[in-house]
Amino acid sequence: MARSTKLKILWLQSITCNGNTHSFFSHPNFMTLMQKFEVIYHPILDSKYSLDNVINKKLTCDILVLEGAFRETGMQKADREIYEIAKSYAKKAKHVITVGNCSTFGGVFRLYDPEYIGGFCFNDETPNEAYKLFKRKLISLPGCPAHPRWIGNLLSMILSQRQILLDNFHRPIEVYGYSAHAGCPRNEYFEWKVDSKNYGHKEGCLFYEYGCQAPYTHANCNKILWNEVSSKTRVGTPCFGCTEPYFPKKDLWHTNTLMGIPATMPMGVPRRAYLTITGIAKSFSIKRLNEPIIKYKK
Amino acid sequence: MLQSLSRRCAMKAETKRSKKKESIIKAALTLFSLNGFHKTTIPDIARRIGMSTGNIYNYFASKDILAQEIIKYTSEVLGTEIRKINQQKTLSTHEKIHKIVEVYFTMATKKPEMIEYFLRVYLSHREVFVGECDKMICVAGFITEIMIFFADGVECGDLRDQDFFSAFGLFMGYLGGMAFLNGEAILPRALEDYIDDIAYNIYNALKT
Amino acid sequence: MKVKYLIEKIEGEAELEFDFKNGLVDNVNIYFPFYRGIEEILKNRDAMDALVITPRVCGICNHAHLIASVRAIENGLNKAGINIDLTQKAISLREFTLSCEIVQSHFKWFYLVALPQLLNLDRMKCPDNYILKASWASTNIVKALAIFSGQWPHASYAVPGGVSCDPTYEDIIQAESLVDEVIRFVENELIGMNIDEYHKRKEISNIKGDMAIMFGMLDKHNMKIKGKSYDRFAVFGEHPIFQTGQYNKKYSNDIDFSHIEEHPQHNSKAKSVTYKDMCYEVGPLARAIMTKNDFMLNLHDKYKDSVLTRVYARLDETIKLLVHIKSLLANLNVKELSCTLANMPKALEADGVGMVEAARGSLIHQSIIKDGKIQKYNIITPTQWNLSSGTQKEAGIAAQAIKGSVSIEEATFIFRTFDVCSVCTTH
């Protein structure tokens, strides 16, 4: 079904590091995708409007993309509060997309002043005033940054008018229904409880000693991979839970334990079940999993 | 109709089999308690419950395997009681400790052969429990419930966070020691008279 | 006459206040309006949290922040008596990923900032394929980066003692082919000649490709005489390919963190920074000068620290880095350990400084740790050096460079040649 006019997209930034913009720019089809829209404003792409126009003129957009954390007052661009600008565009837009953990939940920058800084519709996991106004059009793409495919695919789905199923935080379930743990090459070490004892090895699970949050983080990073080739756990870095409302938690490289037992269980797994399986797994020693995968000759 | 009938038959057969297994285990526990682990033989157990020796071997391939199954069984029995306590969300941590001590001491009093088996056979004959029962896998049912109790206690702020084994050693070592003394007829009073004091001591040692 | 101007697309925005006298820019005040408080956010956090939080200062140079952060922790550990011995493998991997990020940033600068802005000076529209080129080239070089770092942006694969990754030769070969593709792009599109020919160039006009368009336009707009500042340069970060030290009429390989001072600025959330009370330029030009490469020194002799020299240094550095990272990969030995520090000491007390050369210049992190927690964290970014409003004695580097501009358009173009990063400046 051809569109006679292109949908207008406005990418507005608040308290941000620009990470989501640069992440999306690494999408292999960035140009082709963006050319399907009329760009009202974007941090990198040129458009016929300057930021001053966006802020001081009464423009409209169909898709409002918000990047960065918000505060009601105290964050101005061109002498106007960006929060007010965001709300006024959100009222007229058909879709409001919060890209990145900051605009969704508040993220890293909320920590500076949690009483006044938060996401556009959520402060951590609590819906705020703006949520009531925009919940019907809100789609959340948290992540720090959001993966380029999450952003690109969502825009494509809007263009092709496909149904987008959302969870209770308005995150697309096709992405956030997975756990970051699915597809991790260290899965066998997780299953048999062969825990990593040092950094820098391809073997070993990072869940118990290194704070890996993948088993309870909603994301599909290990399924679709970052930059088409990689992921944190593939290179021995634990998942830091960046798609979740509480990101970044304290002591990111440590696993919270309660008397030695991991405080947070894999998604949907009852503690009793996890402990039973773990107890059994720990009592067996699988030779292959306790040896290096590759033994180079000197 | 025929399918559900055959399924019911299969379930009945299964229940019959597990009931038989349980009666063998109970008989074995009694005999181990009366005469000791090494002096009790499979024929002894068979005679006690009126089964043939050959039939016993249909259920347990060897005495060592029977020994392993017994520890899993006793662990499940104790674990089930502790699970019931863990699942009572309205109990305070102190109350839960009290109930766990109560369960343990009641078992030590009413079914002494179970606790005795643990102390005198399991802990003292580790060579019997190698292979399938290596590490703590056979007592998993019980250990898991204690882990859950500890985790819940730390999560709600009642118990101090510490290494699992430090806390476990304190709790179980204490209870096992009291059961042992009771078994040796050294304690002047009945074991149940000690529940309050011991629960109080454990709670105070582990609380934040 | 004072004119206000909101400059955008500089990794954020800045407010410029120009002072015109007799139709020329006499002075410019640069205000960065927003402060995010990363340094405060880090207070009382576990020392290692800095490796995750500091990259969030910036979406385009997050990897440089990671390396500066880990160097700060390692420097602190060394000073506290815990010897950190990085293997050559860890050193090379960190160099590789850091260099890839610099190259990515320069590609974006050429195609998304420099060329469009120059065309804009002549009221010409920018061809669509510039964005495609920037997108392709930067996407592929960061792919090579991500093979080792896990992702870009925002990786945390550099840990005290080395790196967390354990690559195979297969990973290295994959990275090598990506680098080869990017080099081919540079040869076909960016400079229109192969690298060997490039090294034999005698003059800027020998360069072809898209850069020929850029240099042609720079020439047309007299950029070889515009944009000069104090001709003072500093390089703080240690890398095998760069030389640390400073240049102020003469060379010195001595450079000391203790002579750096930060000052709050009136009305701006960015702090200014000086070395021995003077403003110094950091960035590709500073690195080129300190490395004393012949072609650059020649150019510098003729055109000093003009826009032309500054821009050329950025191109030259891009090519130098691409050649360098190929050799890093070729010499990697996967059998070496990735990380030589088993565990961070408990109750750590450390006071360390980590200095790194990022795309825009020297980036410095200082991490003071007590009892394993961050007591104080300080970040000094390259744009702070180049874009502060100056001291009582002199205007800032970029402000000085803009003096004498005939229009706001020209002034803002010169401003952009410093490759400004607004988010970094106000962390």
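Predicted model: local features only at pLDDT ≥ 70, side-chain atom pairs only at ≥ 80, totals over all residues.
Residues are numbered from 1 along each chain as its sequence is written, while chains are lettered from A and ligands numbered from 1 in the order in which they are written.

**View 1. The open sheet β6-β7-β8 of chain C, with antiparallel pairing.** Helices (H or I, at least four residues) and strands (E, at least two) are DSSP runs, numbered from the N terminus, and two strands pair if DSSP finds at least two bridges between them. The edge strands, each pairing on one side only, are β6 (232-235) and β8 (250-252) of chain C, and the twist from one strand to the next averages 10°. Strand β7 (residues 245-248) of chain C is joined to β8(C) by three bridges. Helix α9 (residues 284-291) of chain C packs on the sheet, where it touches β6 and β7 of chain C, and its direction makes about 85° with that of β6(C); axes are lines fitted to C-alpha atoms, for helices over the stretch in contact, and angles run from 0 to 180 degrees between N-to-C directions.

**View 2. The antiparallel strands β1, β2 and β3 of chain C.** Six bridges pair β1 (residues 2-7) with β2 (residues 14-21) of chain C, and Lys4(C) has Glu17(C) as its bridge partner in β2(C). The hairpin of these two strands has six residues between them, and Lys9(C) takes a positive phi near 60° there. Seven bridges join β2(C) to β3 (residues 24-31) of chain C, with Phe20(C) standing opposite Val25(C); in this hairpin, which has two residues between the strands, Asn22(C) takes a positive phi near 55°.

**View 3. The largest nonpolar core, with 219 residues.** Such a core is a set of buried Ala, Val, Leu, Ile, Met, Phe, Trp, Tyr and Cys residues joined through C-beta atoms within 7 Å, where buried means that 20 or more other C-beta atoms, placed from the backbone, lie within 10 Å of the residue's own. The residues with the most contacts inside this core include Leu10(A), Leu64(A) and Ile402(C). Its largest share, 15 residues, comes from helix α4 (residues 88-121) of chain C. Domain 1 (7-175) and domain 2 (178-289) of chain A both give residues to the core, so it lies between them; the bounds come from an automatic or database domain assignment. Apart from this core lies another of 57 residues, among them Ile56(B) and Phe60(B).

**View 4. The contact of chains A and C, with 53 residues from chain A and 59 residues from chain C.** Residues are in contact if their C-beta atoms, placed from the backbone, lie within 7 Å. On the side of chain A, the largest share, five residues, comes from α1(A). That side divides into 28 nonpolar, 16 polar and nine charged residues, with Ala, Val, Leu, Ile, Met, Phe, Trp, Tyr, Cys and Pro counted as nonpolar, Asp, Glu, Lys and Arg as charged, and the others, Gly among them, as polar.

Methods:
Buried ≥ 20, exposed ≤ 12 C-beta atoms within 10 Å, placed from the backbone. Contact = placed C-beta atoms within 7 Å.
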